[in-house]
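Me: I have a chain open on my screen and want a quick tour. Can you take my questions as they come?

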Amino acid sequence: MNVSLELSKNRPAVGARALTPHREGPNVCAFPRRLPASRIDDFAAAVMIEIRNVTKSFGTFRVLDDCSASVAKGSVVVVCGPSGSGKSTLIRCINGLERIDAGEITVDGIPVHAPDTDLNALRARVGMVFQSFELFPHRTVIENLDLAQVRVLKREPRRASERSMALLERVGLADQAKKYPSALSGGQQQRIAIARALAMDPIAMLFDEPTSALDPEMISEVLAVMTALAEDGMTMIVVTHEMAFARHVADRVIFMDHGRIVENRETQAFFAEPHSERAREFLSKILHHDLATA
């Protein structure tokens, strides 16, 4: 079977509007409200990602402890919690970058950790954006976007470049196509990393603290692109401490501590009245920090 056809099955088309930063005032990203409830309900019947009783240890240290959660197609889930709580490990397990010791994870019905699962094909369907960009420094921007399309999806180079330029236009960086990553700011590199992931036509996107390495002025550029993706209906799991983004964009918030999912609630309920004392303490500290640095 043609690889590009196989990997393109059942993929939601992300809207064609530009994913460029939307601002209100200097250096401030305006977060549009998430999808209306009526549209979210349309997605609720289809679970895109299912995590069941997942356990993972590094040596004697248990980093994930009986974690269970589900992510509906088209929804945005923010994973937050203190450092070392297992957030990044959890999403790395979703596309098989980390193996699990027990439990099960499925993506669009595919068991991620089954022996016969083609992890390369799965990773082509689940885009991942890291905090450190992971761009090839010896390749130009457009070459970074073209590479996996040609090698993994088997697209013709001309079609891959057309797709790459269209995505660079959407993230506002078409004029940077011939530059090397070292010539760009951190915010620009992260937007290119997002465009590169989108070039594979993913069914879902995973973000591992995508703004933690950025200067404050650059954070809004990246969050604006992510907000536009959410508005267009992309299924997203986002590990982040950006609570303004979580409050206005996420449908649900997962709070983790010591490798366990302590809370998994609708966003408004989580921020209004966390159930656990640990979540209340976390929110108190991080929201106070956000106000102090605003």
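Me: At what angle do the axes of α7 and α8 cross, and within what distance do they come?
Reply: This is a predicted model. In it, the axes of α7 (residues 186-198) and α8 (residues 216-231) come within 7 Å. They cross at roughly 20°.

Me: Roughly parallel or roughly antiparallel, then?
Reply: Roughly parallel. Angles under 35 degrees count as that, so roughly 20° qualifies. The crossing is right-handed.

Me: Which residues make the contact?
Reply: From α7, Gly186, Gly187, Gln188, Gln190, Arg191, Ile194 and Leu198. From α8, Met218, Glu221, Val222, Val225, Met226 and Leu229. By class, that contact has seven nonpolar, four polar and two charged residues.

Me: What about α5 and α6? How do they cross?
Reply: Their axes cross at roughly 130° and come within 9 Å. Helix α5 covers residues 141-151, and α6 covers 157-170. The pair is oblique, and its crossing is right-handed.

Me: Which residues of α5 and α6 are in that contact?
Reply: α5 supplies Val141, Ile142, Leu145, Asp146, Gln149 and Val150. α6 supplies Pro157, Ala160, Ser161, Arg163, Ser164, Met165, Leu167 and Leu168. Nine of these residues are nonpolar, three polar and two charged.

Me: Switching to single residues. Where is asparagine 95?
Reply: In the loop between α3 (87-94) and β4 (102-107).

Me: Buried or exposed?
Reply: Asparagine 95 is buried. Its relative accessible area is 3%, and under 20% counts as buried.

Me: What does asparagine 95 touch?
Reply: Leaving out residues up to four places away in sequence, asparagine 95 touches Val112, Leu119, Leu122, Arg123, Val126, Met128 and Leu206.

Me: And how far is asparagine 95 from arginine 125?
Reply: C-alpha to C-alpha, 9.2 Å in space. In sequence, asparagine 95 and arginine 125 are 30 residues apart.

Me: Now serine 75. Where does that one lie?
Reply: Serine 75 is in the loop between β2 (61-72) and β3 (76-80). Serine 75 is buried, with a relative accessible area of 9%.

Me: What does the side chain of serine 75 reach?
Reply: The backbone oxygen of alanine 72, at 2.7 Å.

Me: Zooming out, how many helices and strands does the chain have?
Reply: 11 helices and 10 strands.

Me: How much of the chain counts as buried?
Reply: 52% of its 294 residues.

Me: And what share of contacts comes from residues 24 or more positions apart?
Reply: 69%, taken over the contacts with a separation of 6 or more.

Definitions and conventions
Residues numbered from 1 in each chain as written. Predicted model: local features only at pLDDT ≥ 70, side-chain atom pairs only at ≥ 80, totals over all residues. Heavy atoms only, no water. Helix = DSSP H or I, 4+ residues; strand = E, 2+ residues; numbered from the N terminus. Buried < 20%, exposed > 50% of the residue type's maximum accessible area, 1.4 Å probe, protein only. Contact = heavy atoms within 4.5 Å. Axes fitted to C-alpha atoms, helices over the stretch in contact; angles between N-to-C directions. Parallel < 35°, antiparallel > 145°, perpendicular 65-115°, else oblique. Left-handed = near helix turned anticlockwise from the far one by under 90°. Nonpolar A, V, L, I, M, F, W, Y, C, P; charged D, E, K, R; others polar. Polar contact = N/O pair within 3.5 Å; in protein donor to acceptor, adjacent residues only side chain to side chain.
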